[in-house]
Each structure stands twice: as C-alpha cells, then as structure tokens.
Amino acid sequence: MANSKQLARLIGPTIIAVTISETINVHIWANNTAAGVHLNGSLLFLGGLAIIRSHNLWIRSWPVLVTLTGWFIILLGLFRMFVPEMQLEGANNTTMVVILSSLVFIIGVYLTIKAYSRAI
C-alpha cells in the first residue's frame, strides 16, 4: 500500500497538470507533427512501463487504479507511436478531447486525494 501511495503522489498531480495544460492549449495539437506525436507516445510508453514494472497490483481497492493508469498510459503511448496521424485527426474533435480530458482529470484528482489522505 505504501508503494501505491508513493506512485499516486506522483501520478495524480501529474495527471491534473497535464490535463489542465492540454485542455487550455488544445490548439497545439493542430500544429503538431506526426514525429512530435510519435515522440510523445514513446515517452508515454516509457512512463507507463515504469509504473507497471513497479506496481502491477490487481486487488479490489483503490491501488488497482494506479495499475490501470499505467496500462492505459502504455496503450496511449503505443497508439501515438503506431498511428500518430490518427491522434492528430482526433485532436480536431474538441468535444471528445474535453470529455476524455475531464475523465482523466477526475482520475488524477481521485489518486491525489487517496495518496495524500491519512487513511491507509
């Protein structure tokens, strides 16, 4: 559980900052290149892999959300690496971007609350 809290203390605030900054600056994806999206995917893949290597915990409690976040980041990274053009096209659908960003933001807030709460 301590490892889960440590990772959630990193992942939660990072998700919050990234979703807010990407939502505010959604226009940057329109000016991005496939190479930039591919690089972004490579970094996401690496980050997700690091999470899974240190936390692949499948239990019926909140720490499973750390594991699921790691797997989601891996899949998102692979998606951006293998079909960067599709990512660029998807950025034009502002409604979908806002909905997905909101969902990911909520997960970040939940992880942050769980990570910094006194209860174990």
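Angles between axes under 35 degrees count as roughly parallel, over 145 as roughly antiparallel, 65 to 115 as roughly perpendicular and the rest as oblique. The axes are lines fitted to C-alpha atoms, for helices over the stretch in contact, with angles running from 0 to 180 degrees between N-to-C directions. The model is predicted, so that local features need pLDDT of at least 70 and side-chain atom pairs count only at pLDDT 80 or more, while totals for chains, interfaces and linings use all residues. Residues are numbered from 1 along each chain as its sequence is written, and side-chain values use heavy atoms, with hydrogens and water left out.

| Helix pair | Axes come within | Crossing angle |
|---|---|---|
| H2 and H3 | 7 Å | roughly 155° |
| H3 and H5 | 11 Å | roughly 140° |

H2 and H3 are therefore roughly antiparallel to each other, whereas H3 and H5 are therefore oblique. The contact of H3 with H5 (heavy atoms within 4.5 Å) is made by Leu 65, Val 66 and Thr 69 of H3 and by Ile 107, Tyr 110 and Leu 111 of H5. Between H2 and H3, the residues that meet include Leu 44, Phe 45 and Gly 48 in H2 and Trp 71, Ile 74 and Gly 77 in H3. That contact of H2 with H3 divides into 13 nonpolar, 9 polar and 1 charged residues, where Ala, Val, Leu, Ile, Met, Phe, Trp, Tyr, Cys and Pro count as nonpolar, Asp, Glu, Lys and Arg as charged, and the others, Gly among them, as polar.

The largest pocket has a volume of about 1,100 Å³. Among the 35 residues that line this pocket, Glu 22, Phe 72, Leu 76, Arg 80 and Val 104 are the closest to its centre. On a 1 Å grid over the protein atoms alone, a pocket is an open set of points where a 1.4 Å probe fits, with protein on both sides within 12 Å along at least five of seven lines, and lining residues have an atom within 4 Å of a point. The lining comprises 24 nonpolar, 9 polar and 2 charged residues.

Technical notes: Points joined across faces, edges and corners; volume = space filled by probe spheres on them. Helix = DSSP H or I, 4+ residues; strand = E, 2+ residues; numbered from the N terminus.
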